[in-house]
Amino acid sequence: VRKSRTAVSIAGALGLSVVLTACGSSDEAPTSEDGSGVDTIAVVATTPVVADFVRVVGGDHVEVTQLLKPNVDPHDYEPSPADIAAIADADLVVKNGVGLEAWLDDTVESSGYSGTVVDTSKGVTIREGGEHEEGEEEHAEGEEEGEEHAEGDPHIWHDPRNAKIMVRNIADALSAKDADAKPAVDRNLAAYSAQLDTLDKANAAAISSIPPAGRKLVTNHDAFGYYTARYGLEFVGSIIPSFDSSAELSGKQLSDLVAKIRSSGVKAVFSEASLPPKTAETVAREAGVEVVGGEDALYADGLGPENSEGGAYLSAEQHNTATIVKALGGRV
Ligand SMILES: [Zn+2]
């Protein structure tokens, strides 16, 4: 990107036509442009999670533009003109996939970008819907939600084994784009994959400290299916009964959920960082259980601000597990 912009501005200053220069520049052999000897790959990443993965794996070889800001809901995101401009200038675009970024295809098209869009979910076993029938009915009524639902559950990163697949897809794409980056990318990938293995083991150990009868989860929206499946928690229900955070429960569904929380002995309702906690608070109050929110809200769809506890994938997932385990009576 930096190179393209430089070419454009120099040519522009000289009053020359910039079209050919700008188009040709991104596929040139890497050259040193700032004296460091490293030419960076301009990557546009959609969500905070995939942006974090690209930064970790790409290291000095990438310059990342992250489209979704911290604590923003990705399900009904509206791309800005700046997002379109960033994609137009990108060497690579990286997405979560599984329909999470329903807005991306149109955005890429209007940017004129014709390069690779890396789908990090490639190779991940996608979890289908169907854990709660009420949600399915809701979906059948809403046309917009149908598409995402048809593709399955997009919240794949909450199982660290899926995160390993995602970072490998990113590493492959970066190395394919710039062979000079490959040795460093491979090293970063190996180190981070080991950290993901450690996270996975730590999560399992922490969850197993919860008394078996307490291993039950009620969340704000249905974002933790991969997590509950991996670590043996029972998913009792969510305030929003779907993968899409913009759906809403009816009054009857809410009172059914309250009854279910009471009868199953669930200890807490977890709200999440990118959604308003109001309904979760109401449900928890009516069911007579604790609502875990505020600073302790779960990172369900994104990450927190960069220098906060939830600013990176690893620390956000550690926060989630510690919060869940503490509220459900396990040892942190
Ligand atoms: Zn979500």
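These exercises walk through a zinc site, some salt bridges and a charged patch.

The model is predicted, so local features need pLDDT of at least 70, side-chain atom pairs count only at pLDDT 80 or more, and totals for chains, interfaces and linings use all residues. Residues are numbered from 1 along each chain as its sequence is written, and side-chain values use heavy atoms, with hydrogens and water left out.

**Exercise 1.** Find which residues coordinate the zinc ion.

Solution. 
- Start with the rule: donors are N, O and S atoms within 2.8 Å of the metal (3.2 Å for Na, K and Ca); water is not among the atoms, so sites may look incomplete.
- Along the sequence the donor spacing reads H-x79-H-x65-H-x79-D.
- His-221 sits in strand β5 (residues 216-221) and Asp-301 in the loop between β8 and α13, so this pair ties together parts 80 residues apart in sequence. Helices (H or I, at least four residues) and strands (E, at least two) are DSSP runs, numbered from the N terminus.
- Now check burial: buried means under 20% relative accessible area, exposed over 50%, and partly exposed in between (1.4 Å probe, protein chains only).
- His-221 is buried at 0%. Asp-301 is buried at 1%.

**Exercise 2.** Work out which residues are joined with Arg-127 into one salt-bridge network.

Solution. 
- A salt bridge puts a side-chain nitrogen of Lys or Arg within 4 Å of a carboxyl oxygen of Asp or Glu. By this rule the count is seven.
- Asp-153 meets Arg-127 at 2.3 Å, N to O. Asp-153 lies in the loop between α7 (143-151) and α8 (160-177), and Arg-127 in the loop between β4 (117-119) and α6 (133-141), so the bridge ties together parts 26 residues apart in sequence.
- Asp-222 also bridges to Arg-127, with the closest N and O atoms 4.0 Å apart. Asp-222 is in the loop between β5 and α10 (225-231), so this pair links parts 95 residues apart in sequence.
- Asp-222 counts as buried at 1% relative accessibility, and Arg-127 at 13%.
- Take another bridge: Asp-159 to Arg-161, 2.8 Å, N to O. Asp-159 is buried at 5%, while Arg-161 is partly exposed at 41%.
- Shared partners join Arg-127, Asp-153 and Asp-222 into one network.

**Exercise 3.** Decide whether Glu-63 is buried, partly exposed or exposed, using its relative accessible area.

Solution. 
- Locate Glu-63 in strand β2 (residues 62-66).
- Its relative accessible area is 33%, so Glu-63 is partly exposed.
- Glu-63 and Val-44 are 19 residues apart in sequence and 8.4 Å apart in space, C-alpha to C-alpha.
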